[in-house]
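Let's take a walk through this protein together. Have a look at the sequence and the model, and keep them in view as we go.

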Amino acid sequence: ALNPEAQLFEGGTDPDDVYEGYFEDQWLLSAISMLAAAGGVGDGGVDPQIENLFVSRANEQKKPIYKSETGIYAVRIFKNGQWETVIVDDFFPMLHKAKWEAQQQQKNKKNKRGDTSGDSQAGTPRTPRTPRKPRSPKGSPGPEGSAASKSTDEKPPPSLGAAGRRKSMLDTAVSTKMAEDLDPSRGVATAYSKGMEKIWVALIEKAYAKYYGGYGSLRHGFVHQALQDLTGCRTEEISLLSASHGAGKTMLWKNLLKYQNNGYILGATCLPAHLAD
């Protein structure tokens with residue numbers, strides 16, 4: 001299992017939960033992030049716009065329950081003028097081992113700070129080696145002025161003991177934590193949350209992929225179209241360059257203030273220079 005303790009909405013939903021996978025669907029993930037930010041950030045709650053995408057069942061107190069004992073979830077997408085339900089499970093495609101190892105090596109290089117000891121194994125950072133002091137020739141003064149000589153009564157290194165074993169276990173735990181930090185995806189190819197502690201991001205992406213015929217169909221799209229599919233509301237894309245020309249600049253600012261006061265979900269992006277015209 002990617003994470004045996006994974007939950008649908010562990011600790012709420014926030015835009016920081018959205019990490020991009022390998023399917024180049026930034027337009028969809030941007031829309032998901034906007035929904036997660038619309039209801040508040042860092043409050044530990046599930047944003048209503050995200051909660052609305054999942055079909056729940058009620059408990060005895062008539063409160064919604066989203067936990068699935070079978071790993072099956074129902075995700076809603078607004079298409080053809082109505083909410084349509086897509087059934088998905090919590091099995092996600094994984095990266096090929098060679099590709100995952102290449103990804104880990106690249107991340108290790110980025111996270112090293114002055115380490116020139118070579119690449120470490122995928123997901124496991126290597127501690128830089130401490131340079132050894134140069135040895136002095138036999139009979140010549142050593143670094144501290146004493147004659148260098150080899151001891152003939154060297155004793156074997158002492159055993160670790162309880163304290164040493166605890167330190168070793170602590171070092172192993174730290175290394176494991178660092179490896180998880182370097183690989184927050186746990187090797188999954190889809191969009192994900194850090195450590196796969198939450199699966200709501202991956203489930204929405206999977207439902208979208210299933211509706212459109214596969215993950216490959218998600219490579220191209222528009223943020224405002226994804227927002228319409230995820231909210232059921234009419235959306236609009238505004239080019240700030242063209243809308244802010246001349247007298248339109250004042251009208252653009254008034255409209256943005258009106259949208260903000262009305263509680264509309266707003267987002268912005270930038271384009272490369274060759275697309276600005």
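Search the whole structure, which is a predicted model, and you'll find four salt bridges. Take glutamate 24 and arginine 219: their closest N and O atoms sit 3.1 Å apart. Glutamate 24 belongs to the segment before helix 1, while arginine 219 is in the loop between helix 5 and helix 6, so this pair ties together parts 195 residues apart in sequence. Glutamate 24 is partly exposed at 38% relative accessibility, and arginine 219 is partly exposed too, at 45%.

Next up is the salt bridge between lysine 79 and aspartate 229, with 3.4 Å between the closest N and O atoms. Here strand 3 is linked to helix 6, with the two residues 150 apart.

Lysine 206 and aspartate 89 make another salt bridge, 2.4 Å from N to O. This one links helix 5 with strand 4, across 117 residues. Lysine 206 is buried at 16%, whereas aspartate 89 is partly exposed at 25%.

Lysine 198 lies in the loop between helix 4 and helix 5, and it is buried, with 9% relative accessibility. A polar atom of its side chain is 2.9 Å from the backbone oxygen of glycine 12. Lysine 198 also touches other residues, including Gln7, Asp17 and Ser193.

Finally, find the largest pocket, with a volume of about 1,600 Å³. Among the residues closest to its centre are His224 and Gly267. Helix 1 gives the largest share of the lining, five residues.

Key. Residues are numbered from 1 along each chain as its sequence is written. This is a predicted model: local features need pLDDT of at least 70, side-chain atom pairs count only at pLDDT 80 or more; totals for chains, interfaces and linings use all residues. Side-chain values use heavy atoms; hydrogens and water are left out. On a 1 Å grid over the protein atoms alone, a cavity is a set of points where a 1.4 Å probe fits but cannot get out, and a pocket is an open set with protein on both sides within 12 Å along at least five of seven lines; lining residues have an atom within 4 Å of a point. Grid points are joined across faces, edges and corners, and a volume is the space filled by probe spheres set on the points. Helices (H or I, at least four residues) and strands (E, at least two) are DSSP runs, numbered from the N terminus. Buried means under 20% relative accessible area, exposed over 50%, partly exposed in between (1.4 Å probe, protein chains only). A polar contact is a pair of N or O atoms within 3.5 Å; within protein, one must be able to donate a hydrogen and the other to accept it, and residues adjacent in sequence count only if both atoms are side-chain atoms. Contact means heavy atoms within 4.5 Å. A salt bridge is a side-chain nitrogen of Lys or Arg within 4 Å of a carboxyl oxygen of Asp or Glu. Lists of a residue's contacts leave out its neighbours within four places in sequence.
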